[in-house]
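Please look over the sequence and the structure below before reading on.

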Amino acid sequence: MLKTVICVSGGGTNLQAVIDGIARGTINNVQIVRVISNNKKAYALERAAQAGIDAVCVSPRDYEDREQFNEAFLKKVEEADPDLIVLAGFLVVIPPQLIRRYENRIINIHPSLIPSFCGKGYYGLKVHEAALTRGVKVTGATVHFVDEGTDTGPILMQKAVAVESGDTPESLQRRVMEEAEWVILPACLDLIAAGKVTVAKGQAHIAE
Ligand code: GRF
């Protein structure tokens, strides 16, 4: 059983996709051992509670400085002893010591086809605004491993989504979630739990 901690900041629709995938059996051998939010008001916490999953909030606002927050966050992760950490819409910079300790064991979902529209400042609706401003005809989502850069780690899976005329950032965000994010994040978890994913020389590979 692959024990996962899922980190969230907001609505938690990706978390829900994972909860549902486990319930339906499209994600096998995965257990969500804890949900961690930096935001007390995140609806994701409610989703975790409804599914009977242990959920905690660790907010940078409750600590004097980043170092103290990082330590508290690390403690909440380590208590749960996960095999894998999933960043599912988590808007906090991950402590570098956590990234080192969990090398190739942290994944993130990003709502664009990396390396487009990613890196510092590209989160939430801003990603889709930038895609529409640039006029791309195709966008999508990416699941990647997390390294110490922003959206720079090995790419595990991507799925393209067509941009339609008349799209707004909101309509595009919704379609990217429905057609890509909620599909590839569960798929990646199933593959990782099946032992089919390896990372070598900065690239992720999926066994046939
Ligand atoms: C998603 O678009 C995800 O790609 C991004 O943050 C958003 C989170 O949405 N990293 P939700 O909280 O899963 O609904």
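Which pocket is the space taken by the ligand? The space that the ligand takes is the largest pocket, where a molecule counts as sitting in a pocket if more than half of its atoms lie within 2 Å of the pocket's grid points. This is a predicted model, in which local features need pLDDT of at least 70 and side-chain atom pairs count only at pLDDT 80 or more, while totals for chains, interfaces and linings use all residues. Residues are numbered from 1 along each chain as its sequence is written, and side-chain values use heavy atoms, with hydrogens and water left out.

**Around the ligand**
- An oxygen atom of the ligand lies 2.7 Å from a polar backbone atom of G12, and one lies 2.9 Å from a backbone N or O atom of N14.
- E181 places a polar side-chain atom 2.7 Å from an oxygen atom of the ligand.

**The pockets**
- A pocket is an open set of points on a 1 Å grid over the protein atoms alone, where a 1.4 Å probe fits, with protein on both sides within 12 Å along at least five of seven lines, and its lining residues have an atom within 4 Å of a point.
- The largest pocket holds about 1000 Å³ of space, and of the 38 residues lining it, the closest to its centre are F90, L91, V92, N108 and Y123.
- The second largest pocket holds about 240 Å³ of space, and among the residues that line it are S9, K40, R61 and D62.

Notes: A polar contact is a pair of N or O atoms within 3.5 Å; within protein, one must be able to donate a hydrogen and the other to accept it, and residues adjacent in sequence count only if both atoms are side-chain atoms. Grid points are joined across faces, edges and corners, and a volume is the space filled by probe spheres set on the points.
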